[in-house]
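Here are my notes on the model you sent. Please read them alongside the coordinates.

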Amino acid sequence: MRLAGKIAIITGAAGGMGQASALIFAREGAKVAAVDLDEARVAPVVEAIRAAGGAAIAIGADISKTADVRRIVDRTVAELGLPNILFNNAGVDTEGKRSILDISEEAFDRCVEVNLKGAWLMTKHVAPQMIAAGGGSIVNTASIAAHIVASSAGYCASKAGVIALTKVTAVELGKHGIRANALCPGATETPMAREQRIEMQKKGLPTSNELIDRMGVLGRMAQPEEMAMMALFLASDEASFATGAVFDNDAGWTAMSGISVQAFAT
Ligand SMILES: NC(=O)c1ccc[n+]([C@@H]2O[C@H](COP(=O)([O-])OP(=O)(O)OC[C@H]3O[C@@H](n4cnc5c(N)ncnc54)[C@H](O)[C@@H]3O)[C@@H](O)[C@H]2O)c1
């Protein structure tokens, strides 16, 4: 098993990629602290892990709030042990109007608070426990929207910030045996992507194959498990020389020309 003996905290564990990662990390031997806003939404993932013979706990918490983050760390240490893996996967996109002229201050702030500040807060409070554990691996979910205009200003800017945060984390914490890498998913079939599609449908914009064909050379969206497998590699000791790096997992979307979802959405 690739994560035998490891203790992993996964945020956004009720969502598409988080759920897939929690199940796969546990299958590979990790004890998992599965975190999401609402504990009841994450409970079925924990039950599935336990039913398969694994160990997991469900934690309802908002990663943008210090008190909640402290509670995540306290419960993980008390109930599972010192964490070796932090998968900062939780994220939000802006709802409603997406143009830089129309996005509300509240929506912009929420992207930064959750996507960027949340990842930093989790790192700040989990890293000391990871150091006590002798080191570990942090995987931050950014997005190809950090490189190309694939969503709103709040989302793209916060995800670009996640890449910078990852590099600072790698440089500052490397001496403690902590690696940090950014995972940039391309279009992936999850509730977040479904919401985006509904919104585009409302605007009468192309949403199916016509659009997906432009999102990479494979002509399809990713399944959440395809992101979880890259997160698994980065979290595991197999990636022992990888730190401060950015891993695009996007079926060649960013390798193509500058065709972007936003070009259709505005
Ligand atoms: N789906 C895609 O196409 C895509 C592409 C690129 C990047 N991403 C990124 O991948 C990650 C996972 O996204 P997904 O597609 O699985 O989305 P998702 O909406 O299915 O899951 C995200 C989860 O994060 C949780 N969450 C939101 N705010 C939170 C908070 N403050 N505290 C704790 N949990 C919170 C949500 O409740 C949700 O369960 C996100 O960071 C997203 O930005 C997704």
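Predicted model: local features only at pLDDT ≥ 70, side-chain atom pairs only at ≥ 80, totals over all residues.

1. A compact globule of 266 residues would have a radius of gyration near 18 Å; the protein has 18 Å, so the two agree.

2. Packing. Buried residues account for 47% of the 266 residues. Of the contacts with a separation of 6 or more, 74% join residues 24 or more positions apart.

3. Sheet. The protein has 9 helices and 7 strands. An open sheet of 7 strands runs in the order β3-β2-β1-β4-β5-β6-β7, with parallel pairing. Its edge strands are β3 (56–60) and β7 (246–249), each pairing on one side only. Neighbouring strands are turned by 15° against each other on average, direction ignored.

4. β1 (residues 7–11) pairs with β4 (residues 85–88) in the parallel sense, over 3 bridges. Here I10 stands opposite F87 in β4.

5. Helices on the sheet. α2 (residues 39–51) lies across β2 (31–36) and β3, and runs at about 175° to β3. α3 (residues 66–79) also packs on the sheet, where it touches β1, β2 and β3. The direction of α3 makes about 160° with that of β3.

6. Ligand shell. Which residues come nearest to the ligand? Of the 27 around it, they are G12, G15, G91, T190 and M192. Three helices each supply at least two shell residues: α1 (16–27), α4 (105–132) and α6 (191–202). By type, the shell divides into 12 nonpolar, 13 polar and 2 charged residues.

Terms used
Residues numbered from 1 in each chain as written. Near = placed C-beta within 6 Å. Helix = DSSP H or I, 4+ residues; strand = E, 2+ residues; numbered from the N terminus. Nonpolar A, V, L, I, M, F, W, Y, C, P; charged D, E, K, R; others polar. Rg over C-alpha atoms; globule rule 2.2 N^0.38 Å. Buried ≥ 20, exposed ≤ 12 C-beta atoms within 10 Å, placed from the backbone. Contact = placed C-beta atoms within 7 Å. Pairing = 2+ DSSP bridges. Axes fitted to C-alpha atoms, helices over the stretch in contact; angles between N-to-C directions.
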